[in-house]
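Hello,

Here is the structure I promised to pass on to you.

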Amino acid sequence: MQHATSVALLELPISGTLTWILAGIAAYWLAVVLLRQQGLLPDYVNTQGPILTVHTKRGRDFLDWLAGPKRFWRACANLGVGISIVVMASMFVFLLTAAIAAGRAPQPSSVQQPTNVLVIPGVNEFLPLSATPGIVFGLLVGLVVHEGGHGLLCRVEDIDINSMGVAMFALLPIGAFVEPDHESSRKASRGGQTRMFAAGVTFNFVVTIIAFALLFGPVAGAIAVAPGAAIGGVAPGSPADAAGIQPNDRITAVEGQHVESNDDLSDRLEDAGSGTVTVELDDERTVEMQQSLPVTATIDGAPVGLEPGDLILAVDGEPVVTESGFFDAVGESETVTLTVNRDGEETEIADAPIGSAVQISGDGPLADAGAPGGELFVITEFDGERTPSYSHLESLLGSNEPGDEVVVAGYLGGERVSYTVTLGERSERTGGGTVGFYGIQGISGVDVNDGGLELYPAEEYLAILGGDADGSFGHVTDSFLGKIAFVLFLPIVSVVELLPYNFAGFTGGIENFYQAQGPLAGLGDWTVFAVANLLFWTGWINVQLGFFNCIPAFPLDGGHILRTSTEAVLSRLPFDATRGMVRVVTTTVGITMLVSFLFMLFGPQLLAG
């Protein structure tokens, strides 16, 4: 029988509680089997393994009434068919390209882990359990509107509906379905069938637009960044860690001096000088923190000679307690003497090169200029500009055009070298000509943080969502569609290195960085954040459901649309098309999609192994 279905699959995490989870599933499944054998399940409940499907005929009268303006719904569905075909082609190209890329770069990323493909909090490492209410709400809305769209167009095209319902795993709804009458569906026109199958994804995209329009407009506008420096992380063993400062705290004052934002924190710490300082958290409590500049991470073979856990005390004899103070002390010097505290003992590191650490690619413009491929290179000067860190170098990379000649100077194996480089093709990341290296964040391959505090860019995330805040992605997020495109990456944004933390809504503790404002503030912070989370995940889930169901493979909607579209094309060719020809096209595309999807997930692990 033909079904238009939309299903959210489940996969269990491997954890210490896995035995209890499996035992609970086994007990539930046993209970279902016993109830079925005893004939105690109602007629409208069917079982497929541990999955219960609840069938109903209620709601068909409402769909008949709603389907009244048939010309309107057919016009909307025809637009949806066009959108679906474009998305289908895009999904085909995307999966094929992703599979090819996985073969060329066989080192698997965290995004390619099979569990991270599933939108399940706690299983997907990017989705915290605190996001569960928003995700479940968005999934339920997506399933209802998707299957409601199929049901509505069934009645518009005079296709009878045998039943509608939901699929349940225990008490958790994991899918929905509309069961068209097979004979009635077969008699419908090819165009009517296509519109019916495209209706689900069309409705998902409509819900996405509505949800994000509300989020980007009045709801995000009712949220402001709370005063203080937002702490996203604390380096283990750092002075901040020793003081008891934790992620999701806000530093609201240092030595009694108010801290308004992240930008203020370094100035307040610098003003406080060395020694112990009093830090106020969340306008409520105070802690004592030892002032110092800890090294929080280093790359293997970092040429500057620092190690994780080192505390930088001075640069060329000048005491430093913050990163900005470190750069001030370095000035224009390319090498300095660092005084550090290592395991409780004070030591000096002489002639430490301070610049941007990069790894030279084997076949880029820099290698063509004579630099040895694969080696670590500390760039201290680029095109006449001093580059004391990678962020300084990165800010210069888009200022030159392909074909320009630039002088790249720095330290290689302890010796100062200089290369005249002819820039290569335009970089998609920076917009300028490529130099031919892999950049390494930090200072000479080393990360330092004021007191070991890692700041959370609360304003950036709010600006992306349309709130009243300053952000650095304005050229991308100025338009409505640009915002949607960026928001789709927010749950994994740290993986693509656009921002340091993934964003799963105003939850998981980061709500401490925000507060309600304007007319909606009377509802309370919690209510405003809850509405924002529901809209965020409703929009995000619905667009994902739309994309997923547009994959041109059975039993997804895209597979059915591919079949009817193929039949329509072949019927116009100057020969008699057979079902076998249609089956060859649909099967070839479907198998290609399946193989591409599986290789994208498991190929890197197989090749790396």
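With a relative accessibility of 53%, Asp283 counts as exposed, because the cut-off for exposed is over 50%. Please keep in mind throughout that this is a predicted model.

Asp283 belongs to the loop between β10 and β11. Its phi is positive, about 60°, although Asp283 is not a glycine. Asp282 sits in the loop between β10 and β11 too, and it has a positive phi of about 55°, again without being a glycine. Is Asp282 buried or exposed? Asp282 counts as buried, because its relative accessible area is 16% and the limit for buried is under 20%.

Val279 has a relative accessible area of 1%, so it counts as buried. Leaving out residues up to four places away in sequence, Val279 touches Ile245, Ile251, Ala253, Arg285, Thr286, Val287 and Met289. Between Val279 and Ile245 there are 34 residues of sequence separation, and their C-alpha atoms are 9.2 Å apart in space.

**The overall picture**

Stepping back, the protein has 17 helices and 25 strands. It has 609 residues, and buried ones make up 47% of them. If you take the contacts between residues at least 6 apart in sequence, 66% of these join residues at least 24 apart.

In soluble globular proteins, nonpolar side chains tend to be buried together. Here the largest nonpolar core has 80 residues, and Tyr456, Leu465, Leu490 and Tyr514 have the most contacts inside it. Which helix gives the most to this core? That is α6, with 12 residues. Another core, of 21 residues, lies apart from it and includes Leu293, Ala329, Ile349 and Ile354.

Beyond its neighbours within four places in sequence, Leu490 is in contact with Tyr461, Ile464, Leu465, Asn502, Phe503 and Phe536.

**Aromatic rings**

The count of aromatic pairs comes to 18. One of them is Phe212 with Phe216, a stacked pair with 5.3 Å from centre to centre and 0° between the planes. Both residues of this pair, Phe212 and Phe216, are in helix α6 (residues 190-221), where they are four residues apart, about one turn of the helix. Phe212 and Phe216 are also both buried.

Lys483 is itself one of the buried residues in helix α14 (residues 480-487), along with Gly482, Ile484, Phe486 and Val487. The N-terminal end of α14 is capped by Ser479, whose side chain has an oxygen 3.0 Å from the backbone nitrogen of Gly482.

You will also find one aromatic cluster formed by Tyr456, Tyr461, Tyr501, Phe503, Phe506, Phe513, Tyr514, Phe529, Phe536, Trp537 and Trp540.

**A hairpin and its surroundings**

Strands β15 (residues 335-342) and β16 (residues 345-353) run antiparallel and are joined by seven bridges. Which residue in β16 does Thr335 stand opposite? It is Pro353. The hairpin of β15 and β16 has two residues between the strands, and Asp343 takes a positive phi near 55° there.

Leu313, in strand β13 (residues 311-315), is worth a look as well. Not counting residues up to four places away in sequence, Leu313 touches Glu318, Pro319, Val320, Thr339, Val340, Asn341 and Glu346. Leu313 counts as partly exposed, because its relative accessibility is 29%. Leu313 and Leu293 are 20 residues apart along the chain, with 6.9 Å separating their C-alpha atoms.

**A serine pair**

Finally, there is Ser266 in helix α8, residues 262-272. Its side chain and that of Ser324 are joined by a polar contact of 2.8 Å. Apart from residues up to four places away in sequence, Ser266 touches Thr322, Ser324 and Asp450. With 15% relative accessibility, Ser266 counts as buried.

I hope this helps you find your way around.

Best wishes

Key: Residues numbered from 1 in each chain as written. Predicted model: local features only at pLDDT ≥ 70, side-chain atom pairs only at ≥ 80, totals over all residues. Heavy atoms only, no water. Buried < 20%, exposed > 50% of the residue type's maximum accessible area, 1.4 Å probe, protein only. Contact = heavy atoms within 4.5 Å. Phe/Tyr/Trp six-rings, centres within 6.5 Å; stacked < 30°, edge-to-face > 60°. Polar contact = N/O pair within 3.5 Å; in protein donor to acceptor, adjacent residues only side chain to side chain. Core = buried A, V, L, I, M, F, W, Y, C linked by side-chain atoms within 4.5 Å. Pairing = 2+ DSSP bridges.
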